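The following note is intended for a colleague who is meeting this structure for the first time.

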There are 2 protein chains.
Amino acid sequence: MRHFSDPAQGRHAPLRELHNGEWMDYAESPARFEAILQALGPGEPARDFGLDPILAVHDPAYLAFLREAHALWRAAGRTGDALGYVFPVVARRPLDLERIDARMGAYSMDVSTPVAAGTWAAAYGGAQSALSAMDAVLGGDASAFALCRPPGHHCGADYMGGYCYLNNAAIAARAAQARGISRVAILDVDYHHGNGTQDIFYEDGDVLFASIHAHPKNDFPFYWGHADERGAGPGEGKTLNLPLPQGTDWTAYAPALDTALDAVRAHGADLLVVSFGADTFVGDPISHFKLTREDYAAMGARIAALGLPSVVVMEGGYAVDALGANVAAFLGGWD
Amino acid sequence: MRHFSDPAQGRHAPLRELHNGEWMDYAESPARFEAILQALGPGEPARDFGLDPILAVHDPAYLAFLREAHALWRAAGRTGDALGYVFPVVARRPLDLERIDARMGAYSMDVSTPVAAGTWAAAYGGAQSALSAMDAVLGGDASAFALCRPPGHHCGADYMGGYCYLNNAAIAARAAQARGISRVAILDVDYHHGNGTQDIFYEDGDVLFASIHAHPKNDFPFYWGHADERGAGPGEGKTLNLPLPQGTDWTAYAPALDTALDAVRAHGADLLVVSFGADTFVGDPISHFKLTREDYAAMGARIAALGLPSVVVMEGGYAVDALGANVAAFLGGWD
Ligand SMILES: [Zn+2]
Ligand SMILES: [Zn+2]
């Protein structure tokens with residue numbers, strides 16, 4: 001399977017995140033990117049498809065802000081990375097805000113997603129990697145891998161969150177639709193619910209979003225990913241959330257995967273985007289599932305057996321030493 | 001003017017708040033309470049009206065959580081004060097959440113409002129102070145002062161924020177309504193917009209909410225208090241926001257006050273609740289208006305000239321050394 005990345009993706013390096021009331025070292029480290037490259041080899045450089053396919057998913061004002069947020073933060077005399085501390089929990093709406101803190105909060109859902117000097121370039125590079133992998137598949141490859149980092153599935157059309165700034169899976173899916181493939185399925189097998197992806201497609205009847213994840217009553221992002229979220233309007237029934245308890249191993253995971261794959265088939269998808277997170281790994285430092293490397297090979301094979309053109313987009317996975325091999329095992333399912 | 005407080009209000013002592021990307025010492029300190037008591041004298045102890053008048057404003061699940069949040073935080077092995085780090089910025093709704101961080105975020109709008117060991121008792125005592133002041137006015141006093149601390153105007157029916165946990169002004173207003181006074185006006189002259197009070201009465205045609213505050217494009221709470229927020233449904237036109245620029249002095253403040261007082265008159269209010277913050281003071285460490293002690297005396301006199309039965313509820317004010325005298329100057333307007 002070909003894979004794509006951009007060197008800028010290794011240069012996004014926030015220092016810390018707020019977690020459980022304390023600062024902790026930023027878990028979504030540049031080392032993750034290097035570890036995967038090490039395991040897979042250098043791959044191909046992402047082609048630059050420009051801003052238009054990103055604008056097909058994200059709000060222009062959000063993008064403009066994301067691009068300049070770190071510079072504005074520094075210009076306001078702040079040190080370190082940009083982070084919000086107040087959030088529009090009631091009736092979000094476009095507002096003409098000036099103070100950088102106001103704008104950071106307006107476009108964020110948490111205090112775990114700092115904007116650092118290299119953030120925009122890395123996120124942009126990741127989105128281009130996703131677009132490049134999609135381009136390969138639309139060009140005839142059975143599958144391709146986008147080594148996205150930072151990840152994407154927690155950010156919505158106009159908010160960042162959960163280490164995510166641009167929703168790579170959504171950008172890839174919309175790019176496929178722009179090239180004539182209307183029925184797309186997005187399968188999210190990261191440990192965490194892909195709330196941003198869900199929000200983007202919540203009322204879209206053409207894009208199925210199916211997610212298997214840790215139950216949000218105990219795991220990030222908490223306020224999305226509950227089983228009763230099923231889509232709305234034309235998208236009613238096109239969101240499928242399969243939350244599983246902490247401690248889940250392959251025995252319990254595999255049936256949920258089969259349920260999700262049934263939904264992909266029932267959707268009549270012509271193309272699949274997989275949001276793959278290796279944070280379901282038994283050794284992951286911030287997560288609580290118990291999948292093994294062998295399970296990743298089995299999971300990849302089972303998804304590949306759908307026989308759909310597939311773009312795999314990298315999401316989370318924080319056991320850095322095991323990460324490259326875990327990704328390789330998953331992608332090996334398509335061989 | 002009689003004033004009311006409860007000793008528990010001095011025992012809420014969070015250690016720090018997140019502000020502009022860094023921890024800072026908690027500005028809403030117990031010393032504020034002592035400073036006002038020092039200036040006004042001990043006053044009268046709040047009577048305990050129980051939980052019912054608080055439940056007339058706040059969501060029962062929120063209250064149950066607030067009461068146990070700090071104990072849950074400690075039980076989860078956390079140190080320090082309880083603080084959220086993820087926020088439901090999209091489609092808040094009641095959810096069955098377990099993890100303390102999930103629940104903190106679900107009931108919060110910022111990372112500046114920690115729940116410490118003494119928080120519930122202090123907030124409860126403050127609400128009883130407001131109810132006691134209202135009881136004095138309903139019993140015939142022309143005016144009364146509730147030395148509320150923590151303040152209340154930033155918290156809504158089911159969320160804390162901006163150092164606020166229980167909305168004392170709203171609780172007092174609802175108590176007046178329960179005793180037969182239907183048309184109430186709430187005048188908020190804190191430096192910051194009273195977003196919680198606004199939310200609580202946004203669709204209520206009987207309660208006018210008029211607020212003069214720093215423009216939210218640059219000041220907390222950022223996402224509320226813009227001039228185009230005017231109420232909704234039966235409350236359409238019953239919310240009046242008068243944002244003013246940083247640097248405002250009495251010359252520019254007084255006309256806005258007159259506009260607000262005109263609205264109170266036009267509402268035909270039978271009773272007034274004043275959310276008074278002394279953080280409009282020229283020496284306030286976190287704010288940017290330029291009112292003086294003399295201005296507070298003038299402001300109090302101008303509001304008192306409405307001739308309405310008035311309950312003054314304490315909100316912010318962080319220049320601790322000047323706080324007691326500033327409060328006394330404002331209340332002197334009723335003499
Ligand atoms: Zn994850
Ligand atoms: Zn204030």
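1. A:Lys217 forms a salt bridge with B:Glu98, with 3.3 Å between the closest N and O atoms; a salt bridge here is a side-chain nitrogen of Lys or Arg within 4 Å of a carboxyl oxygen of Asp or Glu. The pair crosses between chains, running from the loop between strand 7 (207-214) and strand 8 (239-244) of chain A to the loop between helix 3 (60-75) and helix 4 (100-106) of chain B. Helices (H or I, at least four residues) and strands (E, at least two) are DSSP runs, numbered from the N terminus. A:Lys217 is partly exposed, at 25% relative accessible area, and B:Glu98 is partly exposed at 46%. Buried means under 20% relative accessible area, exposed over 50%, and partly exposed in between (1.4 Å probe, protein chains only).

2. On the basis of the note: the model is predicted, local features need pLDDT of at least 70, side-chain atom pairs count only at pLDDT 80 or more, and totals for chains, interfaces and linings use all residues. Residues are numbered from 1 along each chain as its sequence is written, chains are lettered from A and ligands numbered from 1 in the order in which they are written, and side-chain values use heavy atoms, with hydrogens and water left out.

3. The contact (heavy atoms within 4.5 Å) takes 47 residues from chain A and 47 residues from chain B. Together the chains bury about 4400 Å², 57% of it on carbon and sulfur atoms; this buried area is the accessible area (1.4 Å probe) that two parts lose on being put together, summed over both. A:Tyr85, A:Val89 and A:Tyr223 supply 19% of the area that chain A buries against chain B, more than any other three residues.

4. There are 8 salt bridges between chain A and chain B. A:Arg16 pairs with B:Glu22, the closest N and O atoms being 3.2 Å apart, while A:Glu22 pairs with B:Arg16 at 3.1 Å. The latter pair runs from strand 3 of chain A to strand 2 (residues 16-19) of chain B. A:Glu22 is partly exposed at 33% relative accessibility, as is B:Arg16 at 26%.

5. A:Arg93 forms a salt bridge with B:Glu229, the closest N and O atoms being 2.8 Å apart. A:Arg93 lies in the loop between helix 3 (60-75) and helix 4 of chain A and B:Glu229 in the loop between strand 7 (207-214) and strand 8 (239-244) of chain B, so the pair joins two chains. A:Arg93 is partly exposed at 33% relative accessibility, whereas B:Glu229 is buried at 6%.

6. A:Asp190 and A:Asp279 are 89 residues apart and link distant parts of the chain. A:Asp190 is buried, with 1% relative accessible area, and A:Asp279 is buried with 0%.
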